[in-house]
Amino acid sequence: MSDDYLVRHCAPTLAGLKTGSLFTCPFSCRKKLLNSVRQMNERLGSKGVRILPLRFTDEKALIYVYRPGKLSSDLSDSKAAAILQQQGYCTGSCEKCIGQLARKLRREEEFPHEIGLFLGYPPEDVCGFMENKACNCKCVGCWKVYGDEEAAKKKFAQYKKCTQVYCDRWAKGTDIERLTVGNR
């Protein structure tokens with residue numbers, strides 16, 4: 001897993017704007033990928049960023065990059081906690097919730113819809129997605145919006161701009177440690 005992958009797929013998370021990001025990473029050797037993840041956690045852990053492989057398939061890993069503090073706050077929201085409880089999660093510990101999410105991802109073909117909560121999506125949008133079976137949304141960007149359309153559009157623009165800036169800075173030689181914002 002290269003620094004370039006993280007910058008391109010996780011810039012808003014690295015910048016502290018987003019709770020988490022998810023991407024598929026190709027690999028030829030599982031042991032090398034896990035070593036790369038361990039090294040990246042050593043490099044970025046002090047900044048409040050954690051990286052976990054959630055699922056492995058044929059030479060691809062589903063990588064979750066997140067900020068544990070933001071995730072804990074997000075999952076403690078009463079609406080988010082209610083969604084997780086309805087989906088069989090034991091709330092109260094974001095680490096346990098991540099473990100349950102990883103087990104679901106390994107067991108099921110489809111992504112569990114509550115995964116949006118782990119990425120920082122508003123609970124009303126996650127709930128709306130589930131209740132409407134992915135139909136009847138107000139708009140689509142990084143996620144399908146069922147709640148505050150204007151706030152979501154602002155977030156989408158912010159994430160897009162952040163990714164552009166980070167990719168530009170990366171291309172000009174700024175290393176990932178400097179691009180990663182520490183906990184605020």
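In this predicted model, D4 is partly exposed, with a relative accessible area of 26%. Its side chain meets that of R8 in a salt bridge, 2.8 Å from N to O. R8 is also partly exposed, at 39%. D4 and R8 sit four residues apart in helix α1, and therefore about one helical turn separates them.

A salt bridge also joins R38 and E42, with the closest N and O atoms 2.8 Å apart. These residues are four apart in helix α2, again about one helical turn. R38 is partly exposed at 41% relative accessibility, whereas E42 is exposed at 56%.

D3 pairs with R43 in a salt bridge, the closest N and O atoms lying 2.8 Å apart. D3 belongs to helix α1 (residues 3–14) and R43 to helix α2 (residues 30–44), so this pair ties together parts 40 residues apart in sequence. D3 is buried at 17% relative accessibility; R43 is partly exposed at 30%. D3, R43 and E177 are linked in a network of salt bridges. The count of salt bridges comes to six.

Strands β2 (residues 50–57) and β3 (residues 60–66) pair in the antiparallel sense over seven bridges. F56 has A61 in β3 as its bridge partner. Two residues lie between the strands of this hairpin, where E59 takes a positive phi near 60°.

D77, E124, D148 and E150 form a negative surface patch. D148 is placed in the loop between β5 (144–145) and α8 (149–171). At 46% relative accessibility, D148 is partly exposed. By contrast, Q100 of helix α5 (residues 94–107) is buried, at 15%. The C-alpha atoms of Q100 and C90 are separated by 8.4 Å.

Terms used
Residues are numbered from 1 along each chain as its sequence is written. This is a predicted model: local features need pLDDT of at least 70, side-chain atom pairs count only at pLDDT 80 or more; totals for chains, interfaces and linings use all residues. Side-chain values use heavy atoms; hydrogens and water are left out. Two strands pair if DSSP finds at least two bridges between them. Patches are made of residues with over 30% relative accessible area and no salt bridge: like charges are joined within 9 Å, nonpolar side chains (Val, Leu, Ile, Met, Phe, Trp, Tyr) within 5 Å. Accessible areas come from the Shrake-Rupley method with a 1.4 Å probe; for residues, only the protein chains shown count as cover. A salt bridge is a side-chain nitrogen of Lys or Arg within 4 Å of a carboxyl oxygen of Asp or Glu. Lys and Arg count as positive and Asp and Glu as negative; His and the chain ends are not counted. The place of a charge is taken as NZ of Lys, CZ of Arg, CG of Asp or CD of Glu. Buried means under 20% relative accessible area, exposed over 50%, partly exposed in between (1.4 Å probe, protein chains only).
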